Amino acid sequence: MLKQQKLILFDIDGTLIRSKKPVGHFTHGFKKVFGRDVEIDWKIFYGNIDRKIIIDIGKQIGIEESFVRLKLDEVYKAMHEYYAKKVTLQNARDYYDFISDAIKLVQQLAKKVHTGLLTGNYEGIGRYKMELIGLDSELQFGLFGHEAENRIDLAKQTFKRARGFFGINFRPDQIVIIGDTPFDVLCAQSIKARSIAVATGKFTLLELQKSNP
């Protein structure tokens, strides 16, 4: 079946899955790489991407930013290894609610249009989450949270990366970004793409409406 020339990009956390309890991979990454214990207030980081989160946590505990940046790959590796050991196919539902309607939507759309991820997750962890919920074949294309400083910079990579992956020059009006935070809406607006906000995460419908999805 020939797919329509449209690209639908999904956020992960709060959009496809909801956290029930923390995994602890960020705290593990800081302990292993920097030898520091950290307490993370996730409310201030909700909607941010992993690179920025790691840098900002480093600032909060007094680690020189240049040193954190130098060690980013080591932190990602430590986080990924810990995450894969802690969360498995057998216990994933202890850590997450799978948003079944969203998963069904991805499966249905993937038959008709091109689909992918635009997520704050580090790639290894983001792709592993897709394996856990059974969407790894539908969401092979992705833009991930270690590849930019913020979601807007990440979104700006969409056209070139999609052209390389799909061989298609998508226009802005052919791209839709679906997410559960105002940051998802803003990153879509930054590239003149369409956005759909879903109130399945931490933000209410009223809060999301203020960002004009």
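**Core, sheet and pocket**

Modeller: Leu16 and Ile54 touch the most other members of the largest nonpolar core, which has 47 residues. Helix 4 (residues 72-86) is the element that gives the most to this core, with 6 residues. Another core lies apart from it and has 18 residues, including Leu7, Phe141, Ile177 and Cys187. A nonpolar core here is a set of buried Ala, Val, Leu, Ile, Met, Phe, Trp, Tyr and Cys residues joined through side-chain atoms within 4.5 Å. Buried means under 20% relative accessible area, exposed over 50%, and partly exposed in between, with a 1.4 Å probe and protein chains only. Helices (H or I, at least four residues) and strands (E, at least two) are DSSP runs, numbered from the N terminus.

Because the model is predicted, local features need pLDDT of at least 70 and side-chain atom pairs count only at pLDDT 80 or more, while totals for chains, interfaces and linings use all residues. Residues are numbered from 1 along each chain as its sequence is written, and side-chain values use heavy atoms, with hydrogens and water left out.

Strand 4 (residues 113-118) is joined to strand 5 by 3 bridges, the two running parallel, and Leu117 stands opposite Gly142 in strand 5. Strand 1 (residues 4-10) is joined to strand 4 by 5 bridges, also in parallel, with Leu9 opposite Gly116 in strand 4. Strand 4 is largely enclosed by the rest of the structure, because 6 of its 6 residues are buried.

Gly145 is buried, with a relative accessible area of 0%. Gly145 and Leu118 are 27 residues apart in sequence, and their C-alpha atoms are 8.3 Å apart. By contrast, Lys192, in the loop between helix 10 (182-190) and strand 7, is exposed at 67% relative accessible area. Lys192 is not a glycine, yet has a positive phi of about 60°.

That leaves the open space. The volume of the largest pocket is about 840 Å³, and its lining comprises 34 residues, of which Asp13, Ser19, Trp42, Tyr46 and Lys129 lie nearest the centre. On a 1 Å grid over the protein atoms alone, a pocket is an open set of points where a 1.4 Å probe fits, with protein on both sides within 12 Å along at least five of seven lines; lining residues have an atom within 4 Å of a point. Grid points are joined across faces, edges and corners, and the volume is the space filled by probe spheres set on the points. Strand 2 (17-19), helix 1 (25-34), helix 2 (50-60) and helix 7 (123-133) each supply at least two lining residues. By class, the lining has 12 nonpolar, 12 polar and 10 charged residues.

Terms used:
Ala, Val, Leu, Ile, Met, Phe, Trp, Tyr, Cys and Pro count as nonpolar, Asp, Glu, Lys and Arg as charged, and the others, Gly among them, as polar. Two strands pair if DSSP finds at least two bridges between them.
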